[in-house]
Amino acid sequence: FVCWMGILCLFSIGCATLLTEQEYALINEPVKEEIIFSGVIFSIPKAHKIGKVVILGSGTIQNFDIHARDEGNDWKLVKQIKRAVTFPIEVHTRVHADAIRIWQKTTTGKGTIDTVQFYTIVDKGK
């Protein structure tokens with residue numbers, strides 16, 4: 001019985017940790033924009049643990065992919081968005097990266113991307 005109570009307690013603590021809201025801090029570094037074929041790359045000077053990306057712009061866009069560049073200079077898919085979305089667009093992720101590539105598959109939509117904000121996860125006690 002005591003063993004089961006211990007397991008139940010650990011399970012409850014683990015679930016509570018997962019359900020607590022994350023706190024984010026803006027990575028205060030200059031964001032560089034590079035236009036590429038079918039998209040744009042937004043980068044910061046060095047890699048960080050990125051917990052959230054906020055895409056700022058105007059209008060609506062649809063059918064695009066968001067990739068993150070890891071330390072090996074490889075692009076990893078973070079999110080695919082097919083439906084029309086309006087700005088700002090928040091994308092939660094857990095990557096160690098220095099750049100985000102937004103790859104537009106079609107030019108459908110009447111929106112423009114202005115910039116990207118990179119956020120890291122911080123401990124609530126700090």
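Keep in mind that the model is predicted.

Let's begin with the core. The largest nonpolar core holds 22 residues. Within this core, the residues with the most contacts are Ile55, Phe64, Ile89, Ile102 and Phe118. Two or more core residues come from each of strand E3 (39–58), E5, E8 and strand E9 (112–122). E3 gives the largest share, six residues.

Setting aside residues within four places in sequence, Ile55 is in contact with Ile66, Phe87, Pro88, Ile89, Ile102, Ile113, Thr115 and Val116.

Next, turn to Ala99, which is placed in strand E8 (residues 89–104). Is Ala99 buried or exposed? Ala99 counts as buried because its relative accessibility is 0%. Beyond residues up to four places away in sequence, Ala99 touches Ile41, Phe42, Ser43, His67, Ala68, Arg69, Trp75 and Phe118. Ala99 and Lys46 are 53 residues apart along the chain, and 8.8 Å separates their C-alpha atoms.

From there, move to Asp65 in strand E5 (residues 64–69). Which residues does Asp65 contact, leaving aside its neighbours within four places in sequence? They are Leu77, Lys79, Gln80, Arg101, Ile102, Trp103 and Lys105.

Lys76 belongs to strand E6 (residues 75–81), and because its relative accessibility is 43%, Lys76 counts as partly exposed. The cut-offs make this plain: buried means under 20% and exposed over 50%, so Lys76 falls in between. Not counting residues up to four places away in sequence, Lys76 touches Ile66, His67, Ala68 and Asp70. His67 and Ala68 are also touched by Ala99. Between Lys76 and Ala97, 21 residues apart in sequence, the C-alpha to C-alpha distance is 9.7 Å.

Finally, a look at the aromatic rings. How many aromatic pairs are there? The count comes to zero. A ring does take part in another arrangement, though: the charged end of Lys52 sits over the ring of Tyr119, 4.7 Å from the ring's centre.

Key
Residues numbered from 1 in each chain as written. Predicted model: local features only at pLDDT ≥ 70, side-chain atom pairs only at ≥ 80, totals over all residues. Heavy atoms only, no water. Helix = DSSP H or I, 4+ residues; strand = E, 2+ residues; numbered from the N terminus. Buried < 20%, exposed > 50% of the residue type's maximum accessible area, 1.4 Å probe, protein only. Contact = heavy atoms within 4.5 Å. Core = buried A, V, L, I, M, F, W, Y, C linked by side-chain atoms within 4.5 Å. Phe/Tyr/Trp six-rings, centres within 6.5 Å; stacked < 30°, edge-to-face > 60°. Lys NZ or Arg CZ within 6 Å of the ring centre and 35° of its normal.
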